[in-house]
Every structure is written in structure tokens, then in C-alpha cells.
Amino acid sequence: MFAEEYVIHLRATVNKHGRPYQDKTIRTYAEAVRTLGQWMSRQGIEDFRLDTDTLNKFFRDYNDSHHRGGTNAVWRNLRTFYTWLEEEFDHPNPYRDRKLHRYSAPQGTKPKTLAPELVRDLLKITGNGQPRVREFEKVRDHAIIRVLTEGLRAEELLSLRLGDLHLNQGLLQVVPLKDARAAGEGRIIPLQPKTIVALTRYLRAREQHKMSGGEWLWLGTRNRGHLKYSGLYRMVNRRAQEAGHPSVSPHRFRHTFANDLLSSGVSEGDVMTVAGWKSRSMVDRYASDMATTRAVKAVKSMGDRY
């Protein structure tokens, strides 16, 4: 009961910034509650209104089988749930208790870029841009992977509408996810020539889709509507496995994008503009994985200095 009411609450309210919760955020918060509920079932506990000691036991058990970053994420995502229980049912909030154990995020972790071979294999397994490949799913997946290489966040990619494409200019417009979709908002993404071709072919295949009359760019298979994050995640991982590679997070394309641009000599300021970052620290974080490789290559390219 609590879990269902909690999701309804999230969909009907706004966050601390006064904006509606994103669907992905709601799914993440709900998943943390489901994880706790599964643990409670194994312990024979039925009521989510746990005291501090019991919640500490859950976090200890979870931390024993997961990495510290995962425990930190669940710890943070359950905080909103217990704030809601406090407001709705006057349950003492264990997050206000100093005895509740804290699980900090690991420090110094570096995002990982994708190997060029993996990206090429993903493009190859989805038809490699061949015009004779006309199966809707392959054409769509190839276009999605191409757009991921342009540095979009997964949520930004999934939020694209038909009107956001400006293929005659080789551009697409990404509208801020957390702001109103008003004319002129958002940043402009310059597209690679092969991405433009892939999108053009996808639009042609999309016309035969049962839901082609809608505004969403990416449609599901079997004539299902708007593609969601779970569908994107499953698709990327399935294609990676078909190509003989381990699981891949869609977000790792964004790390790879930053490294690719910096390696090609694009200035940090321009990378920030295209990626939609306001802080240089984001460039440092996303590009750190291959920083040594870039530095060595740059120095070697100078040849003899004396």
C-alpha cells in the first residue's frame, strides 16, 4: 500500500526546486522502496515504518552484497520516502536520527569511456548504415546509437520530438529537461554526417509505424508508442551482447563523446557548450578516464623539441 501511494504522491507533487519529478527519478525512488520491500519480506517484516536500528540492518545487509556507491544511492533515494511517511503518517523519520548510519559515495571514481571497437561493433550489428537494411528495429537502433555518440544524455535523447530535428542544417535541438519547452530554448547539437543519414533513414522507416502521427521521435517496436528508458537500456545492452561485448550503460557514450572531442583538439569551452555543462569540473570528470592517453599522444605529436 505504502509503495503505491508513494508513487502517486511523487507524480502529483513537485521537487524542492518547484518542478515535477522526472519519470526516471520516480522510477529510481520507487525501485529503492521495492528493494527495501524485498529485504523486509525475507525478514518477515510487513510494515515500512521501520525504526532506525532495523533500517541500519537493511543498509548493512545491502552493503555486504553491493558496492559502496550502490548503497549510497539507495540510502539517498529512500530519504524522500521516509520524509513522505513522516508527513503523511506521523512516522518518526529515521533520517533525522543521528544513529542512522551514513554511506558516502566513493571518492575519486572515473567514468569509463567506450573502446572505439565496441562503438563500431554496435553500429555494425545494427546494419552499419547500409541502405538495404530496412527493418524498423535495426534502422531505429542504428540511429539511436549514432545520436548517443553525439553526447546527449539518455533522457535528452528520449525527450526528442520531431520538431527538434533540423537535418537540412545538420543540427538537432536539445531542450532542457527540467525547464519549460519554449521556442528558442535549449542547446544546439551539430551532427556527424553519418548521424544525419541514419536519422533520415529512420524517419523514413518511422512513417510506416502505427504511432507515426505522434510527436515523439523514438517509437517502440511492435507498434508501441514512445520509447522509454528501460527500452533504451535493454536495447543497448542486447546489441552489445549480440556484438560479443559485456553490458553497456547508455551514459558511457557521453563520457566517450567528451574524450573524442578533446582528443580532436576541440576546446574545453566548446565541449562545455555542446554538452550542456556550466562547470569546467564536469569536463574534468567526464574526460579524466583517457586524460593520460591524450597527454602522451599530444606530447609525442610534437616530435623533437630541441
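A residue is called buried here when its relative accessible area is under 20%. By that cut-off, eleven of the 13 residues of α6 are buried, so this helix is largely enclosed by the rest of the structure. The model is predicted, and its confidence is highest in α6, at a mean pLDDT of 97.

Helix α6 covers residues 136-148. From first C-alpha to last, the helix reaches 18 Å, close to the 18 Å expected at 1.5 Å a residue. The buried positions are F136, V139, R140, D141, H142, A143, I144, I145, R146, V147 and L148.

The buried residues of α6 pack against several elements. The helices among these are α5 (116-125), α7 (154-158), α8 (193-206), α9 (229-242) and α10 (252-263). Strand β2 (171-174) is also one of the packing partners.

## The α5 and α6 pair

The axes of α5 and α6 come within 8 Å and cross at roughly 155°. Angles over 145 degrees count as roughly antiparallel, and α5 and α6 are therefore roughly antiparallel to each other. Their crossing is left-handed. On the α5 side the contact is made by L122, L123 and I125, and on the α6 side by K138, H142, I145 and R146.

Most residues other than glycine have a negative phi.

N128 lies in the loop between α5 and α6. With a relative accessible area of 39%, N128 is partly exposed.

D90 sits in the loop between α4 (68-89) and α5. Because its relative accessibility is 66%, D90 counts as exposed.

## Confidence across the model

The mean pLDDT of the protein is 87, and 87% of its residues reach 70 or more. Confidence is lowest in helix α13 (residues 291-300), where the mean is 64.

Over residues 179-184, pLDDT stays under 50. For this stretch the model has nine contacts beyond four places in sequence.

Terms used: Residues numbered from 1 in each chain as written. Predicted model: local features only at pLDDT ≥ 70, side-chain atom pairs only at ≥ 80, totals over all residues. Heavy atoms only, no water. Helix = DSSP H or I, 4+ residues; strand = E, 2+ residues; numbered from the N terminus. Expected span 1.5 Å × (residues − 1). Buried < 20%, exposed > 50% of the residue type's maximum accessible area, 1.4 Å probe, protein only. Contact = heavy atoms within 4.5 Å. pLDDT = per-residue confidence, 0-100. Axes fitted to C-alpha atoms, helices over the stretch in contact; angles between N-to-C directions. Parallel < 35°, antiparallel > 145°, perpendicular 65-115°, else oblique. Left-handed = near helix turned anticlockwise from the far one by under 90°.
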